[in-house]
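Please keep the sequence and the coordinates in view while reading.

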Amino acid sequence: MEALIYQFTLLSNQALEDKSFDPSSIEDLMKLFEIEAYNSWAAVELEQQKETQEAEVAMQQAEDYLDSVMESAMDEFRQFEEELESMAKAELNKLEETAERARKMGNLTEKAATIASKKYIEAALNSATATMKSAWKGLSANKVHPS
């Protein structure tokens with residue numbers, strides 16, 4: 001492009017100094033300018049397409065990486081969720097076992113209390129029976145209390 005500008009400067013100076021200057025030589029130079037501009041435009045367009053393709057490839061790589069990272073994070077989350085669920089189930093089972101043992105202990109305590117109260121009632125009845133028998137014996141022997 002600089003060479004064309006230099007040549008245009010020479011032709012312009014020649015046109016000013018030479019009265020027999022042929023203007024078609026400037027038209028030929030202008031066509032060369034047009035061709036050079038078109039070639040520059042085509043090169044810029046090609047470079048832009050190349051950069052666009054590179055950007056698309058980079059974007060696809062970034063999306064693939066993001067998908068990979070997200071999938072890895074989801075796998076890790078699922079594993080963490082499974083571990084928590086397993087721990088929660090184990091804790092629930094432990095609590096259920098403790099509750100079952102407490103229920104059995106309550107049942108045993110109830111049975112022991114029932115047996116103890118039956119023995120207490122039986123002992124009270126035996127004591128009352130013995131007292132009544134003793135009182136009947138005293139009455140039948142005609143013993144009077146000294147008071």
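Helices here are DSSP runs of H or I with at least four residues, strands are runs of E with at least two, and both are numbered from the N terminus. The unreviewed UniProt entry annotates residues 43–105 as "coiled-coil region"; UniProt positions follow the numbering used here, feature names are shortened, and annotations may be inferred rather than shown by experiment.

The model is predicted, with local features requiring pLDDT of at least 70 and side-chain atom pairs counted only at pLDDT 80 or more, while totals for chains, interfaces and linings use all residues. Residues are numbered from 1 along each chain as its sequence is written, and side-chain values use heavy atoms, with hydrogens and water left out.

Two packed helices are described by the angle between their axes and the distance between the axes. For α1 and α2, the angle is about 165 degrees and the axes are 11 Å apart; the axes are lines fitted to C-alpha atoms over the stretch in contact, and angles run from 0 to 180 degrees between N-to-C directions. α1 is therefore roughly antiparallel to α2, a term that applies to angles over 145 degrees. On the α1 side, the contact (heavy atoms within 4.5 Å) is made by Leu4, Ile5, Gln7, Phe8 and Leu11. The α2 side contributes Ser25, Ile26, Leu29, Met30, Leu32, Phe33 and Glu36.

The largest nonpolar core has five residues: Leu4, Leu11, Phe21, Leu29 and Phe33. Such a core is a set of buried Ala, Val, Leu, Ile, Met, Phe, Trp, Tyr and Cys residues joined through side-chain atoms within 4.5 Å. Phe21 touches Leu11, Gln14, Ala15 and Ile26, leaving aside residues up to four places away in sequence.

Gln14 lies in helix α1 and counts as partly exposed because its relative accessibility is 36%. Buried means under 20% relative accessible area, exposed over 50%, and partly exposed in between, with a 1.4 Å probe and protein chains only. Leu32, in helix α2, is likewise partly exposed, at 42%.

Methods: Angles under 35 degrees count as roughly parallel, over 145 as roughly antiparallel, 65 to 115 as roughly perpendicular and the rest as oblique.
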